[in-house]
Amino acid sequence: MSHGTEEIPQNDHDPTGAAKGEPDGDRPDGPAEPADGPAALTEPGSDRQRPARSWEAVRHLLVRLHFYAGVLVAPFLLVAALTGLAYTFTPQLDQLLYGDRLRVERVGDDPRPLAEQITAARAAHPEGTVASVVTPPGPEDTTRVVLAVPELGEKQRTVFVDPYTAEVRGELTTWFGSTPLTTWLDDLHRNLNLGETGRLYSEVAASWLGVTVVGGLILWLGRSRRQRARSARGALLPDRRARGVRRTRSWHAATGVWLALGLVFLSATGLTWSNYAGERFGRLLDAANGNAPALDTALPGADAPVEDHSDHAGHGGGEATADADPADFDAALAAARDAGLGGALVVTPAADAASAWTVAQNDNVWPVHYDRVAVDTSSGEITSRTYWADHPALSKLSKLGVQGHMGVLFGIVNQIVLALVALGLTAVIVWGYRMWWQRRPTRADRRAPVGRAPERGAWRRLPLPVVILGIPAVIALGWALPLLGVTLAGFLVVDVVVGAVRRQRRTA
């Protein structure tokens, strides 16, 4: 994420890193861009020069790409980091704002039957229909009776009931189980509360984050081997003896090394539910048979099988036009408990008379529990079951990755790690822009607010193996991450146009 060039040497006689009054070739913002790059060969029989191919050109190209990604994409990353930081603490914020509804005043000995709790909830809120009931995850938590209310659209009305007294503690408009605050912060992080159009911002950020991190690692670790005596300390710790832009760069790069694994994880997991890259990921799951197993909810003797492909039912609005018998919730819960399902359970009524009820574990904290059963409430029989252990590896990785990205997989430890990563990324971005400013020309006749971009034309000096292998790789990456491909193509077009305009001005 560096906004300064890595390959351009600094002036060792000026501790600030900004050589004043020196020729352009010794300045920290680099030499003027030549028409054909720094090294060229004359083609036989012509006056035309062609660039000399060199493996060093790979580094120069990475420098330029890393620079433009830092300058142009860093604002998206900064917003994603700050909104993600706010979202990390939603469990604590929910307890602060909605604790009177989420928790009971006094823990009792035995909870009341679900039927009694549902009846109390429906007496207080007769609107809509019961879509599901979520049992308390802990002894101090309330039962959630989720109502599908047509005027709420994809959102639901959740009624919170004291499981020991069947007293209604309150209600909230929820979205797949999330409180209003969590929903708002989630939308802010995913789309800046701008809907589908705003989701482009987060996908651009996630697409470029991994590329920028990997490119920065290559540049810094390669530089460390050459210039810092091949020591691990030189790559992992900032150089506190340096001054000016070199000091800023060392903090920027060393922090990026420590954050690299977390940032790549956030990039990859965030892309799995993005609009365009997420659709590509879905195709991969389909092709590799990596989706979660479907739960067959057809009752024995039904005309056609019904399959539930969701990870777990529960928080969404239902299609039923009338409430199910509250007593059937207790029957479904008892059957699931007898089948070994523990922890917080989501009990969902049958979609129709030919379908079974579903009961799903909803434990997102490691070790997770996501077993599901289909129940015939008339007999108490388990008609079908899916086990978390039987999920394909890709399905498990996707599910666990999402929970880790959201900060719930390892509880408070997960939250702390995500908060540190978000703060670290914010610092790395700020240091990157500071480098750009520090590298600005300072001579009286060449002043500028920021530093010059790295040299152009490195791609023309790439070794043939890199070109032959690199072009298909870039095309494949652009297909897998469409917004990365589109923005990269846009960068290239702008770069070519700017270069053509500059050449025209020099020859005019």
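Strands are DSSP runs of E with at least two residues, numbered from the N terminus. The exercises below use a predicted model.

**Exercise 1. Compare the span of helix H4 with the expected value, then say how many of its residues are buried.**

Step 1. Count. Helix H4 runs over residues 180–191 and has 12 residues.
Step 2. Get the expected span. The rule is 1.5 Å times one less than the number of residues. For H4 the expected value is 16 Å.
Step 3. Compare. From first C-alpha to last, H4 reaches 16 Å, close to that expectation.
Step 4. Check the cover. Nine of the 12 residues in H4 are buried, so the helix is mostly covered. Among them are Leu181, Leu185, Asp186 and Leu188.

**Exercise 2. Which class of accessibility does isoleucine 416 fall in, and what patch does it belong to?**

Step 1. Locate it. Isoleucine 416 is part of helix H11, residues 411–438.
Step 2. Classify it. A relative accessibility of 46% is why isoleucine 416 counts as partly exposed.
Step 3. Find the patch. Ile416 belongs to a nonpolar surface patch with Trp366, Phe410, Ile412, Val413, Val417, Leu420 and Leu423. Together they have about 800 Å² of accessible area.

**Exercise 3. Where is confidence lowest and highest among the strands named here?**

Step 1. Start with the chain. Its mean pLDDT is 84, and 84% of its residues reach 70 or more.
Step 2. Confidence is lowest in strand E1 (residues 40–42), with a mean of 45. It is highest in strand E5 (residues 156–161), at 98.
Step 3. Widen the view. Residues 4–47 have pLDDT below 50, yet this stretch has 105 contacts in the model beyond near neighbours in sequence.
Step 4. Over residues 316–320 pLDDT stays under 50, with nine contacts beyond four places in sequence.

**Exercise 4. Describe the chain as a whole.**

Step 1. Count elements. The chain has 13 helices and 12 strands.
Step 2. Note burial. Of its 508 residues, 47% count as buried.
Step 3. Note the surface. The chain exposes about 25100 Å², with 61% supplied by carbon and sulfur atoms.

Terms used:
Residues numbered from 1 in each chain as written. Predicted model: local features only at pLDDT ≥ 70, side-chain atom pairs only at ≥ 80, totals over all residues. Heavy atoms only, no water. Patch = residues over 30% accessible without salt bridge, like charges linked within 9 Å, V, L, I, M, F, W, Y side chains within 5 Å. Areas by Shrake-Rupley, 256 points an atom, 1.4 Å probe, with all protein chains shown as cover. Salt bridge = Lys/Arg side-chain N within 4 Å of Asp/Glu carboxyl O. Helix = DSSP H or I, 4+ residues; strand = E, 2+ residues; numbered from the N terminus. Buried < 20%, exposed > 50% of the residue type's maximum accessible area, 1.4 Å probe, protein only. pLDDT = per-residue confidence, 0-100. Contact = heavy atoms within 4.5 Å.
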